[in-house]
Amino acid sequence: MGAPHESAARGYEPVIGLEVHCQLLTRSKIFCSCSTAFGAPPNSQVCPVCLGHPGVLPVLNRRAVELAVVLGLALGSKIREVSVFARKNYFYPDLPKGYQISQYDLPLCDGGSLQIGTGDARRTIGITRLHLEEDAGKMKHAEDGSGRSLVDLNRCGVPLIEIVTEPDLRTPEEAHDFLERLKQLVQYIGVCDGNMEGGSLRCDANVSVRPRGSEALGTKTEIKNLNSFRNVQRALEHEIRRQIAVLESAGRVEGATLLWDATRDRLQVMRTKEEAHDYRYFPEPDLLPLVLAEEWIAAIRGMVPELPEARRARFVREYALPEYDAGVLTATRELAGFYEAAARRSGDAKLASNWVMTELLGAVKGDTERLRNLPLTPERLGDLLALITSGAISGKIAKAVFEEMAVSGGEPGAIIEACGLSQIVDPDAIRALIAEVLAANAPQVVDYLAGHERVLPHFIGQVMKASRGRANPELTNRLLREALEARRE
Amino acid sequence: MNLCGMSAHALRDGIAARRFSAEDVVRAFLDRIAAHDGRVHAFLEVHDTEAIAEARRLDEEIARGSEPGPLAGIPIAVKDNICVRGRGTSCASRILSGYAPPYDATVIEKLRAAGAVVLGKTNMDEFAMGSSTENSGFGATRNPWSLEHVPGGSSGGSAAAVALGLAPVALGSDTGGSVRQPGAFCGVAAMKPTYGTVSRRGLIAFASSLDQIGPLGRDVQDCLNLYNVLCGPDPRDATSAPGGHEVPEGALLQGVRGLRVGVPWDWLGEGLHADVEAALGRSVEALRQAGALVGEVSLLDPSYAIAAYYIIATAEASANLARYDGVRYGASARGAEDPAGLYTGTRSEGFGAEVRRRIVLGTYVLSAGYYDAYYLRAQKARRLIRDDFERAFAMADVLLLPTAPTPAFRIGEKTGDPLAMYLSDIFTVPLNLYAGCGINVPAGLSADELPIGMQLLAPRFGEAALFRAAQCLESRLGTLGLAPEPAET
């Protein structure tokens, strides 16, 4: 495949930085009380404030600030005690006020980092800043052939946090990995639903290339309209290849903003450096500087859940799980929470890990979002696992009970009772089954008595089959040997 | 009984004592508007039907014995940049002709709750940009004392309406003197509250960090009563100040004994009209005789304030007026090929020359490469001016100076010279940069029978001292009464 290996071969190093917009999970917009729900009919979630009517004023949504600070803390950013909103001025039909309220020279958070890669390939990617801003509306071209454009302003004023990375990424794969990690994080801490298709996670990429070993940065271009992680990677591969080709032919890369056309798999120039906007930022006079009291930041710190990295390490340490298990189990907050509750209840962390990774993930087809709607609670799964450890049921029976529990959410004991799945521990009942099996397998009995002990599992299997899996395995094993030895005499 | 010659508090007392009804009062003013407004053009729209209906409703309430509000039955004229739900609110601009806001400004909500009756909307300089009401998109307003003279601006319609008895009280807005200066030119009491005490929600923004709604009335007490209704915190205006700044009516009876009055003599040299200088002398004498301690204070040269003001105000205006793009409401250019064409067409046709000039100025001072030299510097100057006022107010409780260097100038006298027009605000602009409060008190007539106004300034939230001093000045200098009924010109 593509550019990075070629570029390495040619002695060029790409330098990539990302700007990611995350829609914050608030119920109402950042400066008015309109709903932020996705998918409502066009222009149904608007009011004079987000429509930019004359005389309206913005009032900051406190929850948006909290969520942004939660993300800042999770990324290890410095939270500014005083940050300032600014107007970013430009004309566009989806921007009712003719300016976007954003933050400029004094953003909410400075610095921070996010880990990408695994094991020895683990790298720390620097975060430059995080700032709060409002979203714009959405333009749509009419499909009636009239050539008219329509604008939907439902999204106007939806709260966004913009995350700007340092130019620390070196390959399109790293950019992709960074976005995956960021998505996992924002979902984990509950600040964003991470849905790229719904537009709640959006990304622009800046990229330049330079001769390997060079310290100086090359001229960068900015790529917009990247609506999936895969498109980010594809577009970067294309652009890196193009920039290297320009340099190889002794040309110069021109600063520009490019648009990624995913359907044609190509980049087109949106505007050159000469045509760049002058946004004329200045402090927003309708909002006072945002002052975060130390106590408030401390209170928000308490809202930040244990992060995936820390949880993974703790699972290894606390539950003696293999690295692999801990990684799978901490992939989402829902799964990790489910696992932890089930493990504690069952008293066997490794057994719980096996069951969660295979049976539970199988039941939700790998989509941990579905855990929320699953009738089965982690406590009941724990109870089921406890029945295995205590020897009350076999693993095989447990799987049948699990399937029933996943549908009905029932209590394991009751399901076992109702379906007659409890283990047979009555020696006489098992002896009766054994007698039947031995009678039906006379040749193998002869083999066994002739010293061929390897047929023993065959008898156990037959007994299990006859008991529909309910015979206690240890007891069956012992009684079977007794019965066979008795025939020797 | 000449109801139109009475103060609002006299009308309120008369209605409460049932000497006349609210409907009598409203009809008297509507009749007078019908008879006389044609010559001065104070009103852009008169809400006769609604005003009579509202007066009847109030009369019924009073008849039922319910407690009438502090302004029950008092008609009020409202400057056309304050939103009144469902009625034309254009800022005297063609770009907003036909626009009817979907909500009442907070001050209108408060007035209605207090029982006031909105008579109609008054003329102004387009978007409050001007000092003469000649910049209206719908024709100039004339000074009731002399139809060849301007009424001042930008709240010229409100000042003319009160002076001529077309309304007992009115609302204006003061960004750089737009309430006080027309108050002076028309001979009425006119007050600019401390920035933040009166909600700006529903005031169509010119310069957000400077705009403040203020009352105009025939005497100081009417201004005080109106101020007490208008002030108070508004959770929908993030720049609104915490409450507790009402001034009890009793403050007017406290006198000025021992009050320290500072006169910035440095400002009052060249260019001061002889009659204005004489009126200042009379005012100093009046305060001294009442027991005030009158002394000199020094303040930074006000030309710095004019320079800073025209940078900050135009910068904010360039963004505030960006929303008038022809996309959602108001005027919209026909036949545009693309969004840029729609903006250019709508804004070139819709805005008058002064508004366009200020948008261009504001855009320029925020541009890349000029921001530091202009906007940033102006903000630094503003801080120095603020500190300068704080220092002056450490030595004086209130400041006294003329509201304008001259009485009203002639219509057309300054329209060709924007700089001369800007300098007519030289005594009022500094206070807006500081964000304190001020009031114009009529101080007699010039030799040409034109009103002269004196200005009192007080620190932020210093309204109590402001009203005390104003009341003293008024009682010693006397009010002017109604302007003579205008003769045909």
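Helices (H or I, at least four residues) and strands (E, at least two) are DSSP runs, numbered from the N terminus.

## Model and secondary structure

This is a predicted model, in which local features need pLDDT of at least 70 and side-chain atom pairs count only at pLDDT 80 or more, while totals for chains, interfaces and linings use all residues. Residues are numbered from 1 along each chain as its sequence is written, and chains are lettered from A and ligands numbered from 1 in the order in which they are written.

Chain B contains 15 helices and eleven strands. In chain A there are 16 helices and 17 strands.

## Overall dimensions

The radius of gyration is taken over C-alpha atoms, and the globule rule is 2.2 Å times the number of residues to the power 0.38. For 489 residues, a compact globule would have a value near 23 Å; chain B agrees with this because its radius of gyration is 21 Å. Along the principal axes, the C-alpha atoms of chain B occupy a box of roughly 65 × 50 × 50 Å.

Chain A has a radius of gyration of 31 Å, whereas a compact globule of 489 residues would have one near 23 Å. The C-alpha trace of chain A spans about 100 × 55 × 55 Å along its principal axes.

## Burial and contacts

A residue is buried if 20 or more other C-beta atoms, placed from the backbone, lie within 10 Å of its own. By this criterion, 61% of the 489 residues of chain B are buried, and 38% of the 489 residues of chain A.

Two residues are in contact if their C-beta atoms, placed from the backbone, lie within 7 Å. In chain B, 77% of the contacts between residues at least 6 apart in sequence join residues at least 24 apart. In chain A, residues 24 or more positions apart account for 68% of the contacts with a separation of 6 or more.

Definitions and conventions
A residue is buried if 20 or more other C-beta atoms lie within 10 Å of its own, exposed if 12 or fewer, and partly exposed in between; C-beta atoms are placed from the backbone.
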